[in-house]
Amino acid sequence: MPVLRCGNWVIEGKSSSAVATYIRIKELDLIFDLGRCPMRFIGTNHVFISHFHLDHYFGIPIYISQRWLVGIPAGNIYVPLPGYKQLRNILNRISSLDGGKNWRYQLTPVETGDSIPFRKNLIAHVLPGNHSVPAVSYLICEKRKKLKSEYHNLSETEIIQLKRSGVEITYEVQLPLVAYFGDTHGISIDSHPLLKQCKLLICECTFIAPEHLDRAKKTQHLHLDMLPGLFKHFESEHIILNHFSRRYTPEYIQHEVYKRLPKSEHSRVQLFL
Ligand SMILES: [Zn+2]
Ligand SMILES: [Zn+2]
């Protein structure tokens, strides 16, 4: 299982086009897509599904049933609205087939424009997907309180007194942490005002070979040659490329990506292989 580090975060899972994509950031208690479900992912509480291609959601029944089996409260699974009802029917049928069990699960439909608060201080913004089936992307932000500028010159005691008297001395800001594109042919940088500042961008790169540019367009995926134009908009400290086609060997991917991406991108780009 590939494991990458981006600052304090450990990014682990697997991502291979048409096989399976599941990526966990344990420190944020979240998983992006669940094409399979390794046992070590069971305890993670938030699952964000990008679209209903089997390699991105096939692990959901295992995630639900294993949590049920070991007595962990249901995890929160977010899925695109189109397909939500079908998935619910499928899960109910699987659980009844599995000895008539009544799994507890928490499935929430999402659509572009939604903002989902989770954990104490995180929020997932749902962005467009731009794929061959209805799809979404996610931007995870951290909510922080900041002191209003008019109180900057006050002493600690004065601030405490104001707070006690019920005056609202702070305002909320959001810090963009991670953007996850899922499968896509490209997403506008204007999809969200904070998108370009995300600390980590997880971006698919299904196709690499020059002769596969047409295929990328037809199947609504990204091609390596499209990435420099996309990345120039991002201020991200880290970029992870994932979802490579099985046509290519890891050696070929490694070689071509660093040969063809501008040198200025090399230090922030890692490959999820
Ligand atoms: Zn895929
Ligand atoms: Zn797909």
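# A walk through two open sheets

In strand β10, S137 is the bridge partner of L127. That pair belongs to a predicted model, in which local features need pLDDT of at least 70, side-chain atom pairs count only at pLDDT 80 or more, and totals for chains, interfaces and linings use all residues. Residues are numbered from 1 along each chain as its sequence is written, while chains are lettered from A and ligands numbered from 1 in the order in which they are written.

Start with the whole chain. The protein chain holds eight helices and 14 strands. Helices (H or I, at least four residues) and strands (E, at least two) are DSSP runs, numbered from the N terminus. The radius of gyration is 21 Å, close to the 19 Å that the globule rule gives for 273 residues, so the protein chain is as compact as a globular protein of that length. That radius is taken over C-alpha atoms, and the rule is 2.2 Å times the number of residues to the power 0.38. The C-alpha trace spans about 65 × 55 × 30 Å along its principal axes.

How much of the protein chain counts as buried? The share is 33% of the 273 residues. A residue is buried if 20 or more other C-beta atoms lie within 10 Å of its own, exposed if 12 or fewer, and partly exposed in between, with C-beta atoms placed from the backbone. Two residues are in contact if their C-beta atoms, placed from the backbone, lie within 7 Å.

Now take one sheet. Seven strands form an open sheet with mixed pairing, in the order β1-β2-β3-β4-β5-β6-β7. Strands β1 (3-6) and β7 (106-110) stand at the edges with a single partner strand each, so one side of each is left without a neighbour in the sheet. From one strand to the next, the twist averages 20°. Two strands pair if DSSP finds at least two bridges between them. Inside this sheet, β4 (residues 30-34) and β5 (residues 46-48) run parallel and are joined by three bridges. L30 has H46 in β5 as its bridge partner. Helix α3 (residues 84-97) lies across β6 (76-80) and β7, running at about 165° to β7. Such axes are lines fitted to C-alpha atoms, for helices over the stretch in contact, and angles run from 0 to 180 degrees between N-to-C directions.

Next comes another open sheet of seven strands, also mixed in its pairing, with the order β8-β9-β10-β11-β12-β13-β14. Its edge strands, β8 (115-118) and β14 (269-271), each pair on one side only. Here the twist averages 30° from one strand to the next. Follow the pairings across. Strand β9 (residues 122-128) pairs with β10 in the antiparallel sense over seven bridges. Ten bridges then join β10 to β11 (residues 170-180), again antiparallel. One of the residues involved is L139, whose bridge partner in β11 is A179. Y180 has I202 in β12 as its bridge partner.

The largest nonpolar core has 55 residues, and L34, F48, Y138, V178, A179 and I202 touch the most other members. Strand β10 (residues 136-147) gives the largest share of this core, five residues. A nonpolar core is a set of buried Ala, Val, Leu, Ile, Met, Phe, Trp, Tyr and Cys residues joined through C-beta atoms within 7 Å. Not counting residues up to four places away in sequence, V178 touches I25, I140, C198, K199, L200 and I202.

Move on to L241, in strand β13 (residues 238-242). L241 counts as buried, because 24 C-beta neighbours lie inside 10 Å. Its contacts beyond four places in sequence are C203, C205, V257, V269, L271 and F272.

Finish in the loops. H243 sits between β13 and α7 (250-260). Its phi is positive, about 65°, although H243 is not a glycine. H243 has 27 C-beta neighbours inside 10 Å and so counts as buried. Q220, in the loop between α5 (213-219) and α6 (227-231), also has a positive phi, about 60°, without being a glycine. With 17 C-beta neighbours inside 10 Å, Q220 counts as partly exposed. Helix α4 (residues 156-164) has nine residues, and the number buried is zero, so α4 lies largely in the open. G166 follows α4, with a positive phi near 90°.
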